[in-house]
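Work through the exercises below in order. Try each task before reading its solution.

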Amino acid sequence: MGDDYKPLSEEYINIGEPETHNCVIKLRVSPTKRRDKVFVGCGAGFGGDRPLAALKLLQKVKHLNYLVLECLAERTLADRYQAVKSGGDGYDPHISEWMELLLPLAVERGVCIITNMGATNALGAQEKVLEIASRMGIRVTVGVAHQFDIAKAGLGANLRNLNDGVSIYLGAAPIVECLEKYNPNVVITSRVADAALFLAPMVYELGWNWDEYMLLAQGSLAGHLLECGCQLTGGYFMHPGDKYRDMPLEKLLDLSLPFAEVSYEGKVCVAKAEGSGGVLNFSTCAQQLLYEIGDPSAYITPDVVIDFRDVSFQPLSTNKIGCDGAKPDAISAPDNLLALGSKHCGWKGWGEISYGGYKCIERAKAAEFLVRSWMEEVHPGSSKCIMSYIIGVDSLKAKAIRLENIPRAFDCEDIRLRMDGLFDEEKHAIQFTKDFIALYTNGPAGGGGISTEHKKEIILDKGLVGREHIYWKISAKQNQPTNSKKRIAIISEETTPSNNLNELVPISSLGTGTHLSPAPSNQKVRLYDVAHSRAGDKGNDINFSIIPHFTADIERLKNIITPDWVKTVISPLTNRTTDLTWSDDDMELRDKWVDENVKVEVYEVRGVHSLNVVVRNILDGGVNCSRRIDRHGKTISDLILCQEVVVPP
């Protein structure tokens, strides 16, 4: 807030009367068509995104009507629950930073900001935004569209007795009603489905109704493509060594967040700012289309169930892609909405230690063996709760001086042992950290840089709740700033840092000039050379795409990417230990567990000539309690692509 901040005395004025509704679908009465087309931008794709990138989008795309800040995932929602229990705020703690940067230009341009930063306390976030605007001398109306109540009768047994509250994935209707009634500058929501945040301004501005499922499907397609921000425009795409995805590093310095142009008839184009870096093409769109989805024939949102199988992308320019083919499933809209309930799942305890030099890997394995043995001595059976990994490349900054006659076995290596446990009782987690620290005097030689921690973990238990049992509320307040002198100056395009990337690299579709040819037949190739991929997570499940560079290769790849092949590749993810203690019996038990618990589904997505692979029950409980280093499973895409395969004729 700054050292000179003082609480203001003016009261915030309620705009109209608050309204409460349940989630039963009610058609809009004579909806008004306000525009022929609406421009909706993505200002954030997750809670850790870059506010300056959102400001640049506002500056460069002057016809933008809405800016959506999508900042709430299962992990961040769990963090908000934890914060509330510790006496903190239930809304996103970064909301001040975002609003201080974006409000001046957004209000001046008439761009409405929609964000789910309200998390578990949308009303608290509303007060914070009004406070910020008042301090900056900006008059704003801040609306809230949030979950209000859930009838206990609608909750399943697993959610009914949770004391920490339950969050529902709401649809677009609360936001639409908030826009309709209050015409706010900012709309703050609780947990709303990601695509619905973007769909709401389309429904409001274009006069769509809730039974126009073809339009809702196309609008939700646009929202799904936008929701992860720069992942659509080249972020998380560049891959050195892959001739189809390799691009100059400089192109990542000035990525444009994406925006969509959506017409009254449901025509959708996604775009990035003119002159920006990154890349927007078929490949980036295909990756995002298949990101974090299950069955592509029935992608469930609160507003419409969508069939993505025939979605196609048509390049219109280097900065603009036409998107078509989304249609409603036979079950047009779900009768139930997804609920997430905060639930204690145990105590995490973890530790890390580095080893370098001769036989450092063997010493790390010895350290793991000792810690497991010490844990068993005090708490028998507890070592089964621990997963172990050996990681590292350059953490010790140590290089061997190689003399001609010195064997390579003495080269300096650089690794780090990590052990991560999830225990039923806190005392077990504490004991683990004590035993790990004891490696300093009781472990193998040369270990250093120990770090340990333990904490209580929660998961978000899931269930379905009938629409009639869920209630949402809308309201709005307006500030009356009395001091306009503190208004923060708008950052102009001229004063925004620029890397003059257009002078460094041409802004063109990646792959232009790259010859596309079929994968060679009957010889070993890496999947890297044939296809690209991205992995996403939903709870304890992952999905990953297989998108061939040469589209006709999909028919051949379907013979390789089978459920059994996928299980073979991902089975090592369930290993609990390093190979020091991994016996044939352990392998047999692991494979038996995988066979009984891990389910693989392979779907063909015709429109983009790709496969979507869903792997269930593989993420060690999901992002909020997993003992893996990569809790989200995002690296699994490269694990898949590095496999050698023989592509049939």
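**Exercise 1.** How many residues does the largest nonpolar core have, and which of them have the most contacts inside it?

Solution. The model is a predicted one, in which local features need pLDDT of at least 70 and side-chain atom pairs count only at pLDDT 80 or more, while totals for chains, interfaces and linings use all residues. Residues are numbered from 1 along each chain as its sequence is written, and side-chain values use heavy atoms, with hydrogens and water left out.

Step 1. A nonpolar core is a set of buried Ala, Val, Leu, Ile, Met, Phe, Trp, Tyr and Cys residues joined through side-chain atoms within 4.5 Å; buried means under 20% relative accessible area, exposed over 50%, and partly exposed in between (1.4 Å probe, protein chains only).

Step 2. The largest such core has 82 residues, and Ile-175, Met-202, Trp-208, Val-262, Val-270, Leu-289 and Phe-313 have the most contacts inside it. Helix α7 (residues 194–206) gives the most to this core, nine residues. Helices (H or I, at least four residues) and strands (E, at least two) are DSSP runs, numbered from the N terminus.

Step 3. A second, separate core has 42 residues, among them Leu-58 and Ile-132.

**Exercise 2.** Is Glu-261 buried or exposed? Find the partners of its side chain.

Solution. Step 1. Glu-261 is in strand β9 (residues 259–263).

Step 2. Glu-261 counts as buried because its relative accessibility is 15%.

Step 3. The side chain of Glu-261 makes a polar contact with the side chain of Lys-37 at 2.8 Å and another with that of Lys-320 at 3.1 Å. A polar contact is a pair of N or O atoms within 3.5 Å; within protein, one must be able to donate a hydrogen and the other to accept it, and residues adjacent in sequence count only if both atoms are side-chain atoms.

**Exercise 3.** Where does Leu-422 lie, and which residues does it touch beyond four places away in sequence?

Solution. Step 1. Leu-422 is part of strand β18 (residues 414–423).

Step 2. With a relative accessible area of 18%, Leu-422 is buried.

Step 3. Not counting residues up to four places away in sequence, Leu-422 touches Cys-345, Gly-346, Trp-347, Lys-348, Cys-385, Glu-457, Cys-625 and Arg-627 (contact means heavy atoms within 4.5 Å).

Step 4. Take Cys-625 from that list: Leu-422 and Cys-625 are 203 residues apart in sequence and 7.6 Å apart in space, C-alpha to C-alpha.
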